[in-house]
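Subject: Structure handover

Hi,

Here is the structure I promised to pass on. Please open it alongside this note.

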2 protein chains.
Amino acid sequence: MQKESLINFIQNNLPTSRKTLDEIAEHFEEKFFAKNDYFLKEGQISNDYLFLADGFMRAFTFDMDGNEVTTYFYPKNRVVFEASSFFMRTSSTENIQAVTECKGFTITFEKLNMLFHSIPEFREFGRAMLVKEFAAYKQRTLAMINKSAEERYANLISTNKEIFQNAQLKHIASFLGMTDTSLSRIRKEFSKK
Amino acid sequence: MQKESLINFIQNNLPTSRKTLDEIAEHFEEKFFAKNDYFLKEGQISNDYLFLADGFMRAFTFDMDGNEVTTYFYPKNRVVFEASSFFMRTSSTENIQAVTECKGFTITFEKLNMLFHSIPEFREFGRAMLVKEFAAYKQRTLAMINKSAEERYANLISTNKEIFQNAQLKHIASFLGMTDTSLSRIRKEFSKK
DNA sequence: TTCATTTCTTGCCAATTGGCAAGTCTTTTT
DNA sequence: AAAAAGACTTGCCAATTGGCAAGAAATGAA
């Protein structure tokens with residue numbers, strides 16, 4: 001089994017010995033997702049923490065009016081988990097779905113905690129992932145507030161091109177907080193320039 | 001020194017023995033803030049983790065156009081910290097300021113880590129705080145997206161009345177992603193009903 | 001290949017929100 | 001208490017965005 005991408009990711013985020021890395025990686029299991037498969041469905045208590053080695057995923061939920069809203073996109077070489085459901089053991093309000101075929105490595109809540117308990121550096125890694133995801137979310141909220149639809153689009157395409165190469169426009173539209181109609185018009189404006 | 005509110009808060013979030021609670025609380029220091037004092041200024045590396053026992057605070061930053069944007073409000077009986085700066089030791093992009101006179105208890109990064117290291121239950125508490133803050137942020141983002149200005153206002157006033165009792169309207173307006181002009185008009189509409 | 005379904009685009013019009021500037025009200029300072 | 005500064009409201013008009021529905025394009029199934 002080829003866990004180098006996982007090991008490199010951990011190493012890049014919180015350098016430690018090869019021995020420790022192997023010990024950590026040992027507890028992850030390879031997992032494949034077909035396009036449109038779910039990694040997490042709302043209502044479930046999330047029990048897997050995923051390193052996405054290849055492919056593209058998205059998270060979505062439904063707003064108070066029952067409209068589907070894409071809340072996040074996950075490119076490869078990132079960890080994927082719903083912090084609230086996974087760590088608090090509560091039922092998830094979010095869905096996480098493979099947008100393309102995906103491959104990754106998962107570890108259960110129980111095993112992850114066991115590693116956190118026994119390997120202080122890995123505990124730091126776990127905390128760093130949580131903090132990074134949080135910071136990314138705050139960044140996103142800031143990039144949404146007080147910005148016109150066109151600015152939000154321009155910002156996303158300049159910082160996250162890969163989203164446009166993988167996701168459907170209607171999902172990008174709801175992620176950007178606009179209708180697919182508006183997104184379509186904005187794209188047209190941009191292509192003129 | 002009166003640390004009961006801190007001890008109760010920890011106990012409510014992650015029950016443990018009185019002995020452990022006292023050991024934890026011992027490392028917190030009482031701190032007072034005058035109105036408009038800063039708990040954190042942008043550019044600093046945040047070194048304090050705060051339990052706000054009394055008063056009201058807000059976080060703010062500046063968007064890409066240089067406009068001040070309120071990013072969060074902290075009522076009392078909550079922990080206050082900027083996760084990214086505090087845990088990653090990076091310079092903060094946010095300011096956290098006392099909106100009213102405040103009283104709380106702080107602990108330094110070093111001491112907090114020491115406690116995390118030596119008290120596994122407290123480690124859980126720290127993680128729970130992080131996850132809760134994160135979940136609250138996600139909730140907020142969702143409540144903003146695809147909602148009209150009026151709906152965002154209605155939602156905030158029904159779930160967070162205390163914000164309206166403490167904060168200035170222009171700060172609430174930027175928090176809600178609208179101009180103070182619009183907020184003023186919306187309030188007028190509501191008062192008619 | 002053809003048919004059916006889904007995704008994306010476009011036109012028309014209405015509703016929402018912002019920008020600006022003047023005016024009122026409140027709080028702070030002297 | 002008067003003056004000054006700050007906070008909030010309001011009127012007018014323009015720009016942005018959404019709603020709806022029809023059509024075009026792309027994708028998938030038979």
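This is a predicted model: local features need pLDDT of at least 70, side-chain atom pairs count only at pLDDT 80 or more; totals for chains, interfaces and linings use all residues.

Chain B has an open sheet of four strands, in the order β1-β8-β3-β6, with antiparallel pairing. β1 and β6 (78-80) of chain B are the edge strands, and each pairs on one side only. Neighbouring strands are turned by 35° against each other on average, direction ignored.

Going across the sheet, strand β1 (residues 29-33) of chain B is joined to β8(B) by five bridges. These two run antiparallel. E30(B) has F105(B) as its bridge partner in β8(B).

Next comes the pairing of β8(B) with strand β3 (residues 48-54) of chain B, antiparallel over six bridges. Here L50(B) is partnered by T106(B) of β8(B).

β3(B) also pairs with β6(B), in the antiparallel sense, over three bridges. L50(B) turns up again: in β6(B) its bridge partner is V80(B).

Helix α4 (residues 109-118) of chain B packs on this sheet. It touches β3 and β8 of chain B, and its direction makes about 65° with that of β8(B).

How many of the seven residues of β8(B) are buried? Five are, so this strand (residues 102-108) is largely enclosed by the rest of the structure.

**Where the chains meet**

23 residues of chain B are in contact with 23 residues of chain A. On the chain B side, the elements giving two or more residues are β5 (68-74), α3 (83-88) and α5 (120-144). α5(B) gives the most, with 11 residues. By class, that side of chain B has 12 nonpolar, seven polar and four charged residues.

**Around DNA strand D**

There are 16 residues around DNA strand D. The nearest come from both chains: S148(A), A149(A) and S182(A), plus L169(B) and S184(B).

Two helices of chain A give two or more residues to this surface: α6 (149-159) and α9 (180-192). Which element gives the most? That is α9(B), with six residues.

The class make-up near DNA strand D is three nonpolar, seven polar and six charged residues.

Best wishes

Methods:
Residues are numbered from 1 along each chain as its sequence is written. Chains are lettered from A and ligands numbered from 1 in the order in which they are written. A residue is near a molecule or strand if its C-beta atom, placed from the backbone, lies within 6 Å of it. Ala, Val, Leu, Ile, Met, Phe, Trp, Tyr, Cys and Pro count as nonpolar, Asp, Glu, Lys and Arg as charged, and the others, Gly among them, as polar. A residue is buried if 20 or more other C-beta atoms lie within 10 Å of its own, exposed if 12 or fewer, and partly exposed in between; C-beta atoms are placed from the backbone. Two strands pair if DSSP finds at least two bridges between them. Two residues are in contact if their C-beta atoms, placed from the backbone, lie within 7 Å. Axes are lines fitted to C-alpha atoms, for helices over the stretch in contact, and angles run from 0 to 180 degrees between N-to-C directions.
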